[in-house]
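Biologist: I'd like to learn how to read a few features of a fold with you. Could you walk me through them?

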Amino acid sequence: MNVDSYIYGTGFYHRYDIRAKLLFTLVYCIMVFFVHSWYGLLLSALIPAALYLYSLGVKELLRSIKKILPVVVLLFIFLPLQDRSGHALLSLGSTVLITSEGLYRVSRLASRFMSLSMILMLLIATERSENIIKGLRYYHLPYTVSLLFSLILRFIPYLGSVFEAIRDSMSLRLTEGKRGIPIMPSITAFAVSAVKMIPETAAALEERGFGRKEHRDYAKLENKPFLFPELLLSAILPVILFIIVR
């Protein structure tokens with residue numbers, strides 16, 4: 001609960017109402033799964049990246065890409081284990097390693113993963129977590145569901161920062177000439193740090209009213225004059241994009 005992933009900014013996406021931002025994120029995530037063309041998949045991944053670049057700058061964009069790049073690389077490393085039926089693009093003797101169909105499947109999976117990751121990271125980087133909870137409560141989500149989102153939005157960035165600190169600490173202890181970090185000591189240290197967070201988690205749950213009949217709810221969001229146009233725009237834009245790129 002010690003790290004807030006919010007990054008201060010004054011761009012239009014920072015000033016965009018959280019209720020419209022949540023709606024846009026939801027509709028965009030749904031739209032991504034209905035896009036199948038090559039250029040549509042590419043465009044669906046580039047749009048969140050462009051919004052990220054415009055809202056937070058090159059440095060933060062590169063940091064976000066760095067977080068999801070290992071997963072994308074692993075997807076393509078294990079490409080030979082995907083569907084190998086169809087037209088062969090790369091063979092080793094009589095063994096087909098890469099086919100056009102397999103490449104398309106992995107590219108589609110990687111594109112959707114990048115699109116979902118970027119649009120969700122953009123949400124939590126441009127909006128304070130308490131406002132996200134207010135927005136979720138505006139849509140009448142149950143208190144426990146809103147609380148779950150609150151914990152996720154707080155603890156995932158915190159655990160990420162803990163692992164980075166452990167990795168840096170372990171790398172400093174390596175003898176000169178060695179590469180990488182020791183896996184098991186790093187995992188052990190990370191597990192111990194996660195266990196130590198249990199009292200903080202319990203205190204945070206109690207402070208937010210978990211287990212009580214009357215929950216300590218956040219103040220309601222104020223009504224804004226341009227809320228309806230923003231909500232309408234958030235719902236229409238992903239649909240228009242889908243019609244163009246499907």
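Biologist: Is phenylalanine 113 buried, partly exposed or exposed?

Modeller: Keep in mind that this is a predicted model. Buried means under 20% relative accessible area and exposed means over 50%. Phenylalanine 113 has 27% relative accessibility, so it counts as partly exposed. The residue sits in helix H5.

Biologist: Which residues does phenylalanine 113 touch, leaving aside those up to four places away in sequence?

Modeller: Its partners on that count are Ile68, Val71 and Val72. Valine 72 is 41 residues away along the chain, yet the two C-alpha atoms are separated by 8.1 Å.

Biologist: What does H3 pack against through its buried residues?

Modeller: They pack against helix H1 (12-15), H2, H4, H5 and H10. Among the buried residues of H3 are Gly40, Leu41, Pro48 and Tyr52. After H3 comes glycine 57, with a positive phi near 95°.

Biologist: How many Å should H3 span, and how far apart are its end C-alpha atoms?

Modeller: At 1.5 Å a residue, its 19 residues should span 27 Å, and the end C-alpha atoms are 27 Å apart, so the two agree.

Biologist: How should I read the nonpolar core, and which residues touch the most other members?

Modeller: In soluble globular proteins, nonpolar side chains tend to be buried together. Here the largest nonpolar core has 21 residues, and those touching the most other members are Phe24, Tyr28, Met31, Tyr52, Met118, Ile119 and Leu122. At least two core residues come from each of H2, H3, helix H4 (58-77), helix H5 (100-126) and helix H10 (227-245). Isoleucine 119 touches Phe24, Thr25, Tyr28, Cys29 and Pro48, not counting residues up to four places away in sequence. A second, separate core has seven residues, including Ile18 and Leu136.

Biologist: At what angle do H2 and H6 cross?

Modeller: The axes of H2 (residues 18-32) and H6 (residues 129-138) cross at roughly 75° and come within 9 Å. Angles of 65 to 115 degrees count as roughly perpendicular, so that is how H2 and H6 lie to each other. H2 brings Ile18, Arg19 and Leu22 to the contact, and H6 brings Asn131, Ile132, Gly135, Leu136 and Tyr138. By class, that contact holds five nonpolar, two polar and one charged residues.

Notes:
Residues numbered from 1 in each chain as written. Predicted model: local features only at pLDDT ≥ 70, side-chain atom pairs only at ≥ 80, totals over all residues. Heavy atoms only, no water. Axes fitted to C-alpha atoms, helices over the stretch in contact; angles between N-to-C directions. Helix = DSSP H or I, 4+ residues; strand = E, 2+ residues; numbered from the N terminus. Parallel < 35°, antiparallel > 145°, perpendicular 65-115°, else oblique. Contact = heavy atoms within 4.5 Å. Nonpolar A, V, L, I, M, F, W, Y, C, P; charged D, E, K, R; others polar. Core = buried A, V, L, I, M, F, W, Y, C linked by side-chain atoms within 4.5 Å. Buried < 20%, exposed > 50% of the residue type's maximum accessible area, 1.4 Å probe, protein only. Expected span 1.5 Å × (residues − 1).
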